[in-house]
Amino acid sequence: MTDTVLIVEDELFVVLDLEDLIAEEGFAVSAHCGTVAATMQAIERQRPVCAILDVRLPDGEVFPAADRMQEMKVPLIFHSGHANENALRTRYPDAQICPKPSSPSHLREALKKAVGRTA
């Protein structure tokens, strides 16, 4: 079975770019969610090997879902233009942060590191 990555992002063009990058690295997308509520449902259905998270979503900030995934030991990559990097590093010390816009190579390296592949 192919390892899956969860995308939490409400901008369609960003989702499409992330889907391409994830596929190029040999992963499948378990789901792409545009809200916190959809994310909570998705992670209860299937545990991804990694999650790429935007912080601001239409129904609030992603933190309830990020907290749940942290409990589940899912590696997190925050991909956001509106995140307080210091606060993220304090709350999620093992997470990686790729501010928007991030280059595809930066995101690719973060994904490899998150899933334990050597870069």
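**Aromatic rings**

I looked up Tyr 92 and found 1% relative accessibility, so Tyr 92 counts as buried, the cut-off being under 20%. The model is a predicted one.

I then checked Phe 78 against Tyr 92. The ring centres of Phe 78 and Tyr 92 are 5.1 Å apart and the planes stand at 45 degrees, so I noted the pair as tilted. Phe 78 sits in strand E6 (residues 76-78), while Tyr 92 lies in the loop between H4 and E7, 14 residues apart. Phe 78 and Tyr 92 are both buried.

How many aromatic pairs does the structure hold? I found two. The other entry was Phe 63 with Tyr 92: centres 6.2 Å apart, planes at 20 degrees, so this pair is stacked. I recorded Phe 63, Phe 78 and Tyr 92 as one aromatic cluster.

**Pocket**

I turned to the largest pocket and read a volume of about 200 Å³. Which helices each supply at least two residues of its lining? I listed helix H1 (12-24) and helix H5 (104-114). H1 gives the largest share, five residues. Among the lining residues I wrote down Asp 17, Glu 24, His 79, Lys 100, Ser 102 and Arg 108. By class, the lining divides into six nonpolar, two polar and four charged residues.

Key. Residues are numbered from 1 along each chain as its sequence is written. This is a predicted model: local features need pLDDT of at least 70, side-chain atom pairs count only at pLDDT 80 or more; totals for chains, interfaces and linings use all residues. Side-chain values use heavy atoms; hydrogens and water are left out. On a 1 Å grid over the protein atoms alone, a cavity is a set of points where a 1.4 Å probe fits but cannot get out, and a pocket is an open set with protein on both sides within 12 Å along at least five of seven lines; lining residues have an atom within 4 Å of a point. Grid points are joined across faces, edges and corners, and a volume is the space filled by probe spheres set on the points. Helices (H or I, at least four residues) and strands (E, at least two) are DSSP runs, numbered from the N terminus. Ala, Val, Leu, Ile, Met, Phe, Trp, Tyr, Cys and Pro count as nonpolar, Asp, Glu, Lys and Arg as charged, and the others, Gly among them, as polar. Rings of Phe, Tyr and Trp (its six-membered ring) pair if their centres lie within 6.5 Å; planes under 30 degrees apart count as stacked, over 60 as edge-to-face and the rest as tilted. Buried means under 20% relative accessible area, exposed over 50%, partly exposed in between (1.4 Å probe, protein chains only).
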